[in-house]
Amino acid sequence: MENTAQPLGIMQIEVKTQLEEKENQKFSTFKAVSFKSQVVAGTNYFIKVDIGNDEYVHLRVYQSLPHENKPLTLSAYQVKKTKQDELSYF
């Protein structure tokens, strides 16, 4: 996995909605603080997100290859994380 400079702004918006649906709650704070990427048949992004009140979630987001023209997918997530928790494959 590597840390890249890929902008996460649009990705955050798309993924926030998916997480809110899965968790059945709204997040007033949703700010990516770090991420890693893994190239597969597309790209997996592992993103640490600050959701406020010193709470964090770790997200695994899949971005398909450009020619497939598919939306971003929230593949998996972990809740109850802290700022100190290491962001790793899950």
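**Close-up views of a predicted model**

**View 1. Ser 64 lies in the loop between S3 and S4.** The model is predicted: local features need pLDDT of at least 70, side-chain atom pairs count only at pLDDT 80 or more, and totals for chains, interfaces and linings use all residues. Numbering starts from 1 along each chain as its sequence is written, and side-chain values use heavy atoms, with hydrogens and water left out. Ser 64 is buried, at a relative accessible area of 9% (buried: under 20%; exposed: over 50%; partly exposed: in between; 1.4 Å probe, protein chains only). Apart from neighbours within four places in sequence, Ser 64 contacts Gly 42 and Lys 70 (contact: heavy atoms within 4.5 Å).

View 2. From the N terminus the elements run α-β-β-β-β; helices (H or I, at least four residues) and strands (E, at least two) are DSSP runs, numbered from the N terminus. Buried residues make up 37% of the 90 residues. Of the contacts with a separation of 6 or more, 42% are between residues 24 or more positions apart.

**View 3. The four strands form an open antiparallel sheet in the order S1-S2-S3-S4.** Strands S1 (31–40) and S4 (73–81) are at the edges with a single partner strand each, so one side of each has no neighbour in the sheet. Neighbouring strands are turned by 15° against each other on average, direction ignored (axes are lines fitted to C-alpha atoms, for helices over the stretch in contact; angles run from 0 to 180 degrees between N-to-C directions). Strands of a sheet pair through backbone hydrogen bonds, either parallel or antiparallel.

**View 4. S3 (residues 55–63) and S4 pair in the antiparallel sense over six bridges.** Two strands count as paired if DSSP finds at least two bridges between them. Leu 59 stands opposite Tyr 77 in S4. Beyond neighbours within four places in sequence, the contacts of Leu 59 include Val 15, Leu 19, Phe 30, Ile 47, Val 49, Tyr 77 and Phe 90.

**View 5. The largest nonpolar core has 16 residues.** Such a core is a set of buried Ala, Val, Leu, Ile, Met, Phe, Trp, Tyr and Cys residues joined through side-chain atoms within 4.5 Å. Met 11, Leu 19, Phe 30, Ile 47, Val 49, Leu 59 and Val 61 have the most contacts inside it. Helix H1 (9–23), S1, strand S2 (42–52) and S3 each give two or more residues to this core. S2 supplies the largest share, four residues.
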